[in-house]
Amino acid sequence: MLQRSDRANAISASPTLAIDAKTKALMASGVDIVNLSVGEPDFPTPERASLAAIAAITGNFTKYTAVGGIVELRRGIAEKLWKDNQLQYDPEEIIVSAGAKQSLYNIFMMILNPGDEVVLPSPYWVSYPEQIKLCGGVPILVRTDESTGFKITPERLREAFSAKTKAVLINSPGNPTGAVYTPDEIRALAGVIEEYPVYVVSDEIYEQLIYGVEHYSIARYSDTLRARSFVVNGFSKTHAMTGWRVGYVAGPRDLVGTMASFQSHTTANPSSISQKAALAALGTFDIHTRDEFRKRRDFVLAQIEQWPGLSCPRPDGAFYIFPNAGSLVGSFLRRQDGRRDRIDSVDHLCELLLSEAHVSVVPGTGFGAPDNFRISYATSMTNLQTAMQRISSFLARLE
Ligand SMILES: Cc1ncc(COP(=O)(O)O)c(C=O)c1O
């Protein structure tokens, strides 16, 4: 019998997909679900981006472009990196791809040999370990929890290094925790990383979604570190453009060039139309978006603080809250007919929240944190109010 590849066998299906499929099935059958599982802003794409895309289509800007993106866009990104992050990059040190997801995959493909280790703080965004493994690497998880605000310390980082360490991944603001490292915390980690011959992959895609704190790119720390860093960013979260698929990485010139060669054999250029839209969107981040997200975060957090058994530190960025619900495992849900369901795990709790309370949240298992679940507040205040009421009534039925 024909065997599929070992690589195919090694891919884990995302545990978030199960709840996603159930959510969609329930919604399709007419059940009124409040969906707090989405990882994208509910705001529309900036109008000028949409208009630029339409102009690209009508102007027949619909052919292959330079593999790593049109030079105007790379120049615009270089200006953004200078203005927002005080990072100086030439357009030749930037490559644009079909979303930051592809940027990350390009990086891992270019830096990892079989057995190379990547230090990965956990909880982590679901695709990091899968991409690292697909590229032959080994994710070395460094556990964090509520007690350190879901942030690694320089000591824990140092312990994770071995002779096989090839890279360290930093994601601030982070998905799923919303944790943001302060400039001092980044500098302390950078000081340790500088002592080892390793790359840094800094995923800064939630950079603008930050509430009352400052974003600091690790590549700013020193020339030594900048020369080994990959700064990943994109238009999905900041500009509400998830479907357009535009992300980018700024990094060492030779590796950026090699990534372009790799990309030339896989997907080639990102959509010409999306590139024009991204160019028009550059620099248009609306400050009101931040205020709105902050208001929603404060509202949801205030609710969670009132719920017995749930705890989480205040997330300073992204649009996620990641409460720990481990203490609810072992309790019973009282049903209308008097039956009682034992809650076996937080995954199970999330299933019951969906089927009984009609609120969809993402279990933490896929993020490496089986005692937590992720709430996305990238939805309207009305939806959040309904969801919080439903979760409160659900929790009142636990005994
Ligand atoms: C932390 C993080 N990095 C990267 C991405 C990928 O974003 P995109 O491929 O849409 O640019 C996401 C999307 O959810 C994310 O949460």
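1. Which pocket is the space taken by the ligand? The ligand takes the space of the largest pocket. A pocket is an open set of points on a 1 Å grid over the protein atoms alone, with protein on both sides within 12 Å along at least five of seven lines.

2. This is a predicted model, in which local features need pLDDT of at least 70, side-chain atom pairs count only at pLDDT 80 or more, and totals for chains, interfaces and linings use all residues. Residues are numbered from 1 along each chain, and side-chain values use heavy atoms, without hydrogens and water.

3. There are 13 residues around the ligand (a heavy atom within 4 Å). Those that come nearest are A100, D203, S236, K237 and R245.

4. The protein covers 92% of the 400 Å² of accessible area that the ligand has on its own (Shrake-Rupley method, 1.4 Å probe).

5. The protein is divided into domain 1 (6–44 + 287–396) and domain 2 (60–281), with bounds from an automatic or database assignment. Their C-alpha centres lie 27 Å apart. In contact (heavy atoms within 4.5 Å) are 34 residues of domain 1 and 30 residues of domain 2.

Definitions and conventions
1 Å grid on protein atoms, 1.4 Å probe; cavity = no way out; pocket = protein on both sides within 12 Å on 5 of 7 lines; lining within 4 Å. Sits in = over half its atoms within 2 Å of the grid points.
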